[in-house]
Amino acid sequence: MKYMSANQLRETFLQFFESKGHKRLPSASLIPHGDPTLLLTGAGMVPFKPYFLGKEKPPSTRITTCQRCLRTADIDNVGKTDRHGTFFEMLGNFSFGDYFKREAIHWAWEFTTKHLELPVDRLWVTIYLDDDEAFQIWNEEIGVPADRIVRLGREDNFWEIGVGPCGPCSELHIDRGPEYGCGSPECKPGCDCDRFLEFWNLVFIQYHQDEAGNLIPLEQTGIDTGMGLDRAAAILQGVDSIFQTDTLRSVMEAVSRLAEVGSGESRDSQVALRLIADHARSVTFLVSDGVLPSNEGRGYVLRRLLRRAVRYGRLLGIKDIFLPQVAEAVMAAMGEAYPELIQRRDYILEVIRTEEERFQATLDQGLRILRDFVEDLKERNENHLSGEDAFRLYDTYGFPLELTKEILSEEGMEVDEVEFAQLMEEQRQRARAARGQTGYLGSEDDSIYVQLAKKYTSQFVGYDRLEVETEILALLVDGQVTDRVEMGQEVELILAVTPFYAEGGGQIADTGTITGGQGAVEVAAVERPVENLIVHKGRVTSGLIRTGDTVMATVYQRNRQGAACHHTATHLLHKALREVLGEHVNQAGSLVEPDRLRFDFTHLSALTREELDRVEKLVNDRIRENMEVTVAEMSLDEARADGAIALFDEKYEDRVRVISVGDYSKELCGGTHVRRTGELGLFKIVSEGAVAAGVRRIEALTGKAAVKYVAVQEALLREAAEKLQTTVFDLPERIDKLLQENRELVREVERLKARLAAAQSGELLQRVEEIAGLKVLAAKVEGLDAAALRTLGDRLREKLGSGVILLGSAFGDKALFLAMVTPDIVKEGIKAGDIVKVAAQAAGGGGGGRPDMAQAGGREPAKIDAALELAVESIKKQLAAV
């Protein structure tokens, strides 16, 4: 058996399949491109889904990759077993209608025995129950003994996604030895023990499964294989766990140094070290691929993994921010294979640091709440925290159950773990239901377009022409192919040649008309559901149209020009942002319409007014220079070598279209653009704000839309100046003067309120009554807001010395309440929050606060007197219960 590092194994695999005529492709992003059915890339073949489904043509019929993947289905097992992780790399070789079982099996055996040098006598094979062809190849051609070929059922050795391509599998296993087994003489692959380790799965895609479950042989078969890099590396490095391989071991060592925990520590510590190493790797790659923390979708996966790692760091005794240092260890271990980690280092670390700081604050809040729970239990002479409270701490504040148990044990208390486990399981069930049952490929219902794409091809000529004579190849109504469509009906058209730009790259589709001899269609949307097929959606506005008609397809020039202006402006904006803010800025989304643009980009803080002005000036400088906008087609490698910016979550073909704006900007883009920047006329930023954590959004205008915007702004300024009886140029000075006058008036009002409070306090103290020896002042005052009510309450508390104060005030259309309880009375169990809650509810509201001071509000100020009476009654009941 040949020792290999993870990097050596990855490169050896890819080179081997390159020698077999495969095209090596880089790993795709963890964000599946253009696939709403999938949350994350969870298998090596996910980027090739359009090829297997027949929607697109692959760049080669033979492809090999090392694909980064992420799955969270087994997250509860991470760290507890030797083989479970959320992040993994899948080595794979693929055939799209080229070779099939014989070559796949022969090459797998050759690589395993000749290049990895795994011992032949320890290798076992599994095949699908009735796959006699695979058995014959393994047994007769390869020479694997029949007793080491195991037939397994559909659950283990048949790959399927519901309706769609499917087929039997064959897996390679290595016998780790009887010491890892269950002791049964019948032990073999398929047994639940750890003796036989599967390390390579060969999927033979040879059927199409229909809605009834029938298996129909495919005309074009395929191969999809997957070898887990970590698992194979563990075999070659002679270790029992993926966490002992060179890559993860170096990350675990970094965590160990931070936590000052050694390899001989407790099992719980080792689980925490493993989990942090795995989750940190997942987090680093997710952020690198453009995912940002949020409470939904991919962002929630990232947030959950990051916060889980931080929680386990706390269990190891790490109090400070530490995940950025672990992420650096991930980059050191994997930066050679994934140089984008190094290129995006500063951005990745800043996103992770910011999210960890936010979560640390949340954890601290959870600790305070747990201490309140403890105090409450003590007051009730109880020693069991409910599972519901423990789960709320876990779910809302990320507070680990282990930490809750540890703090409770210090107080001689316990937690209801049975109820906690029940609530956790309910949450898992909800998560599983949300994920759905689509399988790791997902599912889509666009088979009609796939079928049409096999018969028809649409040629796009709209970069140079806005009108063209063409032929109607197909018509669809309600998803069904038809020969004719009449006036008033919604229709989808496929044309032989079209000038219409299909929505894509952030740019909305063209609109226009399709006119024939007997009828016309108003085109409202244009899409490209599968490769080389452009679908025009609209309504027949006159007459009728038929398949085969010769028609004139005409794009509305004004909308196209507006979209082109705004698309070129996004390129200038992107470049200007990188100049002003730094190279970490990457496009995170865009919308290009005829009359506006929206541009989302990665940046962690709001732009200052100065930064926005600099960006706007840079773009307008380029417009005034009237730079030429040129288009060139070249290979992807040539474009990158030439400095063209590519979106890191975008999928590109071998040949790409590069848009250059003079020598200023160069981007890969399939959209429409102006010929010179002078056509934009003017560029104006109208807003900047946050979209999500780490993502900002700029909305801007150019061309006629920008000129109109400036005219409206000028009109508003003139109107404001007229109302303030000044000029536009003197407007800021006039506003400053008014603001200063307003501040002085506010201060005068506060002084008057203070004097009023002083005057009222003496009068109010005359109303103090004693209830069972407790001084209680409950009174209604007029016209005081919340701040004035607090000021009055503070004065009364000082003079009262000991007791309870409850004030109600009608302010505007609201009832405001304030309750104050002196510290000695709080110790007797009387709490301001309980008192004010009763009063507020009686006036149609709610609220609360600390035991010594609480405020609340209600919607019915007419009920203040009755509310105060009810609150006093509640004080009497509390006294009776003490």
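Among contacts between residues at least 6 apart in sequence, 68% join residues at least 24 apart in the protein chain. The model is a predicted one. The chain has 882 residues, and buried residues make up 50% of them. Its secondary structure comprises 25 helices and 34 strands.

**Overall dimensions and surface**

- The C-alpha trace of the protein chain spans about 105 × 80 × 50 Å along its principal axes.
- The protein chain has an accessible surface of about 41,200 Å². Carbon and sulfur atoms account for 47% of that surface.
- L717, V728 and F729 make a nonpolar surface patch of about 320 Å².
- F729 counts as exposed because its relative accessibility is 79%, and the cut-off for exposed is over 50%.

**Nonpolar cores**

- The largest nonpolar core holds 117 residues, and those touching the most other members are L9, W138, F199, W200 and L323.
- Helix α12 (residues 345-379) gives the most to this core, with 13 residues.
- Another core, of 31 residues, lies apart from it; C565, L607, I659 and I698 are among its members.
- With neighbours within four places in sequence left aside, F199 is in contact with residues including T112, L118 and L123.

**Salt bridges**

- The structure holds 53 salt bridges.
- One of them joins the side chains of E355 and R307, with an N to O distance of 3.2 Å. This pair links distant parts of the chain, with E355 in helix α12 and R307 in helix α9 (residues 297-315), 48 residues apart.
- Both partners of that pair fall under the 20% cut-off for buried: E355 is buried because its relative accessibility is 1%, and R307 is buried because its value is 17%.
- The side chains of K831 and E379 meet in a salt bridge at 3.5 Å, N to O. K831 is in the loop between α23 (823-826) and α24 (832-842) and E379 is in helix α12, so this pair ties together parts that are 452 residues apart in sequence.
- K831 is partly exposed, with a relative accessible area of 25%, and E379 is exposed, with a relative accessible area of 53%.
- D346 and R345 also form a salt bridge through their side chains, at 2.7 Å, N to O. D346 counts as exposed at 56% relative accessibility, while R345 is partly exposed at 31%.
- A network of salt bridges links E11, E18 and R24.

**Strand β32 and its partners**

- Strand β32 (residues 814-821) is largely enclosed by the rest of the structure, because seven of its eight residues are buried.
- Strand β31 (residues 804-811) runs antiparallel to β32, and eight bridges join the two. K814 in β32 is the bridge partner of F811.
- Two residues separate β31 from β32 in a hairpin. In the turn, G812 has a positive phi of about 65°.
- β32 also pairs with strand β34 (residues 853-858), in the antiparallel sense and over six bridges. Opposite L818 stands Q855 in β34.
- In a regular strand, side chains alternate between the two faces of the sheet.

**Strand β24 and residue E633**

- E633 is placed in strand β24 (residues 629-635).
- E633 is exposed, with a relative accessible area of 59%.
- Not counting residues up to four places away in sequence, E633 touches R655 and V656.
- The C-alpha atoms of E633 and V656 are 5.6 Å apart in space, and the two residues are 23 apart in sequence.

Conventions:
Residues numbered from 1 in each chain as written. Predicted model: local features only at pLDDT ≥ 70, side-chain atom pairs only at ≥ 80, totals over all residues. Heavy atoms only, no water. Buried < 20%, exposed > 50% of the residue type's maximum accessible area, 1.4 Å probe, protein only. Helix = DSSP H or I, 4+ residues; strand = E, 2+ residues; numbered from the N terminus. Pairing = 2+ DSSP bridges. Patch = residues over 30% accessible without salt bridge, like charges linked within 9 Å, V, L, I, M, F, W, Y side chains within 5 Å. Areas by Shrake-Rupley, 256 points an atom, 1.4 Å probe, with all protein chains shown as cover. Salt bridge = Lys/Arg side-chain N within 4 Å of Asp/Glu carboxyl O. Core = buried A, V, L, I, M, F, W, Y, C linked by side-chain atoms within 4.5 Å. Contact = heavy atoms within 4.5 Å.
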